[in-house]
Amino acid sequence: MNLGDIMFYVWLGIIILLTIVELLTINLTTIWFVISGIVALMLSFVTDNFLIEFGVFVVLGIILLVTTRPFFEKFLQVRSERTNIDRVIGMHGIVTEEIKRNQQGEVKVDGKRWTAYASRKIKVGAMVEIIKIDGVKLEVQEIKE
């Protein structure tokens, strides 16, 4: 076995490993290095110089990552649709049960009562803004008038 045959198996192993990593993560990071690995594998038939093969692998992988990843991310981006619950974010409500610092209380928003929490104590009757939904609880902050 000569060096070219050995490098064929090295690049094949790298390609298989990076493909498995990409399939497990689906981050569009290692796929570009899979492509550059294929090019390096084909290059191993032409040259026995590992530095040239490795250089092509690294440079081509980085170029592909930087130039094409943003383009493909636009098409693969999962569009999340807002649910009815999401629409209360940004709405104002009134505290119906005192909210103590990092403890639950209750607010009335859009005609419905919700369990709510805040980073500060908020008294009954205070106006609040919903800033986040955590499960079925609202994170609120007091609106200063």
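Modeller: Happy to. Going along the sequence, the protein reads α-α-α-β-β-β-β-β. Keep in mind that this is a predicted model.

Colleague: Thanks! And what does the radius of gyration say about the protein?

Modeller: The radius of gyration is 28 Å, well over the 15 Å that the globule rule gives for 145 residues, so the protein is more spread out than a compact globule. Along the principal axes, its C-alpha atoms fill a box of roughly 80 × 25 × 25 Å.

Colleague: What share of the residues counts as buried?

Modeller: That would be 27% of the 145 residues. As for the surface, the protein exposes about 10,000 Å², and carbon and sulfur atoms supply 62% of that.

Colleague: Switching to the strands, how are they arranged?

Modeller: Five strands make a closed barrel in the order 1-2-3-5-4, with mixed pairing. From one strand to the next, the twist averages 55°.

Colleague: In which sense do strand 2 and strand 3 pair?

Modeller: Antiparallel, over five bridges.

Colleague: Nice. Which residues of the largest nonpolar core touch the most other members?

Modeller: There are 15 residues in that core, and Ile99, Val107, Ile122, Leu138 and Val140 are the ones touching the most other members. Strand 2 (105-109), strand 3 (112-117), strand 4 and strand 5 (137-142) each supply at least two residues of this core. Strand 4 gives the most, with three.

Colleague: Let's zoom in on Ile122. What is it in contact with?

Modeller: Leaving aside neighbours within four places in sequence, Ile122 contacts Val95, Glu98, Ile99, Val128, Val140, Gln141 and Glu142.

Colleague: One more residue: where is Ile133 found?

Modeller: Ile133 is in strand 4, which covers residues 127-134.

Colleague: Buried or exposed, and why does Ile133 count that way?

Modeller: Ile133 counts as buried because its relative accessibility is 19%, and the cut-off for buried is under 20%. Not counting residues up to four places away in sequence, Ile133 touches Ile85, Asp86, Val88, Ile89 and Leu138.

Colleague: And how far is Ile133 from Thr30?

Modeller: Their C-alpha atoms are separated by 34 Å, and the two residues are 103 apart along the chain.

Notes:
Residues numbered from 1 in each chain as written. Predicted model: local features only at pLDDT ≥ 70, side-chain atom pairs only at ≥ 80, totals over all residues. Heavy atoms only, no water. Helix = DSSP H or I, 4+ residues; strand = E, 2+ residues; numbered from the N terminus. Buried < 20%, exposed > 50% of the residue type's maximum accessible area, 1.4 Å probe, protein only. Contact = heavy atoms within 4.5 Å. Core = buried A, V, L, I, M, F, W, Y, C linked by side-chain atoms within 4.5 Å. Pairing = 2+ DSSP bridges. Axes fitted to C-alpha atoms, helices over the stretch in contact; angles between N-to-C directions. Rg over C-alpha atoms; globule rule 2.2 N^0.38 Å. Areas by Shrake-Rupley, 256 points an atom, 1.4 Å probe, with all protein chains shown as cover.
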